[in-house]
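Keep the viewer open and follow the stops in order. Each stop says what to select and then what is there.

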Amino acid sequence: MSPHLALFIIVVILVVGGFALGTHRNVRRGHDAMDWAQGGLPLVGEKTTLRWLGSSVVQLKIPNAKRPFREAEVLFVLEPRDIAPLWFLARARGRRDLFIYRSRMHKLPEFEFEAFEPTAWSARGREAQLRSQKWQPVTVRDPLVAYAPEPPPAASRLLDLAALSGCPLVRLSIQRADPNFEVHWPLAELKKLPASAVFETLRKLGEQA
């Protein structure tokens with residue numbers, strides 16, 4: 001066997017092995033997240049459909065959500081552990097496993113407001129987008145920044161409610177365009193809390209919109 005062929009075989013084994021291992025880790029983390037969520041999902045909807053989007057995103061859709069939501073989805077967005085170079089690059093940029101909740105509301109929000117951690121990968125470029133839409137800065141506590149078309153009446157109350165114990169808010173968005181309501185939290189910290197408390201917080205946040 002030539003050295004070049006031997007090197008090629010070794011690289012293939014490493015790539016395939018890394019993909020299999022990374023996929024297995026994400027599947028396990030995804031199932032752990034789904035098991036955790038079962039303790040809170042009935043608070044926002046009785047029937048949920050499950051779909052894996054690749055090996056890094058678990059989507060739970062709730063087509064008939066309870067008020068104040070009309071329909072909702074939960075996304076567990078995992079690090080791309082199945083592709084080692086992308087995983088190392090993503091971690092260097094601050095990407096971690098993320099919980100995302102999105103919903104259409106039964107009625108359009110009475111105001112629009114967005115707060116986010118500006119260095120978070122899921123909010124990258126968002127500040128420039130909001131400025132281009134002429135949204136104005138809203139004073140909030142660090143490390144968050146916030147914007148709104150006009151000063152919202154409930155900004156402080158919303159952020160206090162979204163500040164779960166030991167789990168920093170990554171993004172909160174309330175807007176008249178779809179999705180009307182969106183919340184991001186880091187998944188690792190969120191799973192330390194009871195799912196029932198998390199989904200009850202989502203319901204209360206939705207009622208404030």
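Select Ile83, Leu86 and Leu89, which make a nonpolar surface patch of about 240 Å² in this predicted model. Leu86 sits in helix H2, residues 84-92. With a relative accessibility of 44%, Leu86 counts as partly exposed.

**The whole chain**

Zoom out and colour by secondary structure. The protein chain has six helices and nine strands. Its C-alpha trace spans about 75 × 40 × 30 Å along the principal axes. The chain is 209 residues long, and 46% of them count as buried.

**The largest pocket**

Next, show the surface and find the largest pocket, which holds about 620 Å³ of space. To centre the view, select Cys167, Pro168, Leu169, Val170 and Pro186, the closest to the pocket centre of the 33 lining residues. Then colour the lining by residue type: 18 residues are nonpolar, four are polar and eleven are charged. Helix H1 (3-37), H4 and helix H5 (187-190) each supply at least two residues of this lining. Which of the elements gives the largest share of the lining? That share, four residues, comes from H4.

Asp160 belongs to helix H4 (residues 155-162), while Arg141 is in the loop between strand E6 (136-138) and strand E7 (145-148), so the bridge ties together parts that are 19 residues apart in sequence.

The peptide bond from Asp142 to Pro143 is cis, with omega near 5°.

Show every salt bridge; the structure holds 19. Now select Glu73 and Lys61. They form one of these bridges, the closest N and O atoms being 3.6 Å apart. Glu73 is in strand E3 (residues 69-77) and Lys61 in strand E2 (residues 57-62), so this pair ties together parts that are twelve residues apart in sequence. Glu73 is buried, with a relative accessible area of 11%, whereas Lys61 is partly exposed at 37%.

Follow the chain into the loop between E2 and E3, where Pro68 lies. A cis peptide bond joins Arg67 and Pro68, with omega about 15°.

**The salt-bridge network**

Arg171 lies in strand E8. Is Arg171 buried or exposed? At 10% relative accessibility, Arg171 counts as buried.

Select Arg176 and Glu112 next. Their side chains meet in a salt bridge of 3.6 Å, N to O. Arg176 is in the loop between strand E8 (171-174) and strand E9 (181-186), and Glu112 is in the loop between strand E4 (98-105) and strand E5 (113-116), so the pair ties together parts that are 64 residues apart in sequence. Glu112 is buried, with a relative accessible area of 17%. Arg176 counts as partly exposed, at 40% relative accessibility.

**A backbone detail**

For the last stop, select Lys134, which is placed in the loop between helix H3 (126-132) and E6. Check its backbone angles: phi of Lys134 is near 70°, a positive value in a residue other than glycine. Lys134 counts as exposed because its relative accessibility is 63% and exposed means over 50%.

Terms used. Residues numbered from 1 in each chain as written. Predicted model: local features only at pLDDT ≥ 70, side-chain atom pairs only at ≥ 80, totals over all residues. Heavy atoms only, no water. Salt bridge = Lys/Arg side-chain N within 4 Å of Asp/Glu carboxyl O. Buried < 20%, exposed > 50% of the residue type's maximum accessible area, 1.4 Å probe, protein only. Patch = residues over 30% accessible without salt bridge, like charges linked within 9 Å, V, L, I, M, F, W, Y side chains within 5 Å. Areas by Shrake-Rupley, 256 points an atom, 1.4 Å probe, with all protein chains shown as cover. 1 Å grid on protein atoms, 1.4 Å probe; cavity = no way out; pocket = protein on both sides within 12 Å on 5 of 7 lines; lining within 4 Å. Points joined across faces, edges and corners; volume = space filled by probe spheres on them. Nonpolar A, V, L, I, M, F, W, Y, C, P; charged D, E, K, R; others polar.
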